[in-house]
Amino acid sequence: MPSPSPASLTVDLNALAANYRTLERVGGVPVHPVVKADAYGLGAERCAARLMREGARTFFVARTREGEVLRTALGPQPAIYVLDGCLAGRAGRLRAADLRPVLNTAEQLADWRAAGGGRCGLQIDTGMNRLGFRSEAAPEPFEGLDLVLSHLACADDPAEPMNARQRDAFALAAARYPGTVRSFANSGGIFLGPDYGFDASRPGICLYGGGPEGRPDARIRPVATLAAEVLQVREVPAGESVGYSRRFIAETPRRIATIAAGYADGVLRSYSPEGRVRVGGAVRPIAGQVSMDVCAVDVTGLEVAVGDPAELFGPNRMLDETAAAAGTVAWELLTSVGPRAVRTYVD
């Protein structure tokens, strides 16, 4: 039997549950978790099952296939909405798996009705111009509609005036559908105030450890830890370089640890040269270009040995800080963790 990979992704389901309870408390309305993209790379089946234990009964995925997998894992109890809606030829699959499409166009609505219809959602575009009916083109109420939603474009910036414009536009549009559940706030929206909550929130990144404003937030616990072993430690003389393209040249003698995680494991190549890794009890800089399988870290002055753990992100190197150093966001960082990193769950 092959030995485990020296890179690992540990998912703390207790922290996930704590974040769920925090978001429910802050928002003041039921939380309907977004578990698309395999729960942002952390494992939709395990994450959703734990969230069901906490009381979640409605989930959102992006793709029909994601919904089918989740239905098999969770059984018949929860409502599962598919944000793509009813794509051409998918109505039969949606109905067979008891999935509820979030209808985005008149064509999707017609296809859903032609297949027999059933319970579904409706998305109203309030200014993001991504998915959904424009307010003036939204359909009249129809049988089977039990959810109306929209999506905030700038919720991570509380000072952005567009947030209030979208909120008011959604309130006006949703009033056309009395008796339906109104869902508006995403992760950031939950923290904008009670007038953004409506009937149910749809958080994603804050469940999984990212802050509502793209930076660490003390109210949100870290859920994922990406770690890897030290493969080798070497002394690099002054004047010599480390890694591809000589991006790092030692001005003085340096001690360099090679870590068993690279961009195939989710350590983005853009993490060079601003990246930091916690190893040997300290946060130290990546030295040179991240490779496919490894990265090098300057551990000069530290007691570091082969086999020691290095934390790329986690409780000692926060997810949002790591993402910022890579010039990206927590969403991309989590979903970029490759399948080679062995998943371990703490429950």
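Colleague: Why does Thr64 count as buried?

Modeller: Thr64 has 2% relative accessibility. Buried means under 20% relative accessible area, exposed over 50%, and partly exposed in between, with a 1.4 Å probe and protein chains only. Thr64 therefore counts as buried. The model is a predicted one, in which local features need pLDDT of at least 70 and side-chain atom pairs count only at pLDDT 80 or more, while totals for chains, interfaces and linings use all residues. Residues are numbered from 1 along each chain as its sequence is written, and side-chain values use heavy atoms, with hydrogens and water left out.

Colleague: Where is Thr64 found, and which residues does Thr64 touch, not counting those up to four places away in sequence?

Modeller: Thr64 belongs to helix H4; helices (H or I, at least four residues) and strands (E, at least two) are DSSP runs, numbered from the N terminus. Beyond four places in sequence, Thr64 touches Val82, Arg90, Arg93, Leu94 and Leu99, where contact means heavy atoms within 4.5 Å.

Colleague: What makes a crossover right-handed?

Modeller: With the strands pointing away from the viewer, the path from the first strand over the helix to the second must run clockwise. S2, helix H4 (residues 64–74) and S3 form one right-handed β-α-β unit. S3, helix H5 (residues 91–96) and S4 also make a right-handed β-α-β unit.

Colleague: Why is H3 called oblique to H4?

Modeller: Helix H3 (residues 44–53) packs against H4 at an angle of about 50°, the axes being 10 Å apart. That angle makes H3 oblique to H4, because under 35 degrees counts as roughly parallel, over 145 as roughly antiparallel, 65 to 115 as roughly perpendicular and the rest as oblique. The axes are lines fitted to C-alpha atoms, for helices over the stretch in contact, and angles run from 0 to 180 degrees between N-to-C directions. H3 passes H4 in a right-handed crossing, the near helix being turned clockwise from the far one by less than a right angle. Ala44, Glu45, Ala48, Ala49 and Met52 in H3 meet Val69, Leu70, Ala73 and Leu74 in H4.

Colleague: Why is H1 oblique to H3?

Modeller: The axes of helix H1 (residues 13–27) and H3 come within 10 Å and cross at roughly 50°, so H1 is oblique to H3. The residues in contact are Leu13, Asn14, Leu16, Ala17 and Tyr20 of H1 and Arg46, Cys47, Arg50 and Leu51 of H3.

Colleague: What covers the buried residues of H3?

Modeller: The cover includes strand S1 (7–12), H1, helix H2 (36–40), S2 and H4. The buried residues in H3 are Ala44, Cys47, Ala48, Arg50, Leu51 and Met52.

Colleague: Why does Ile205 count as buried?

Modeller: Ile205 counts as buried because its relative accessibility is 1%. Ile205 lies in the loop between helix H8 (187–190) and strand S9 (224–236).
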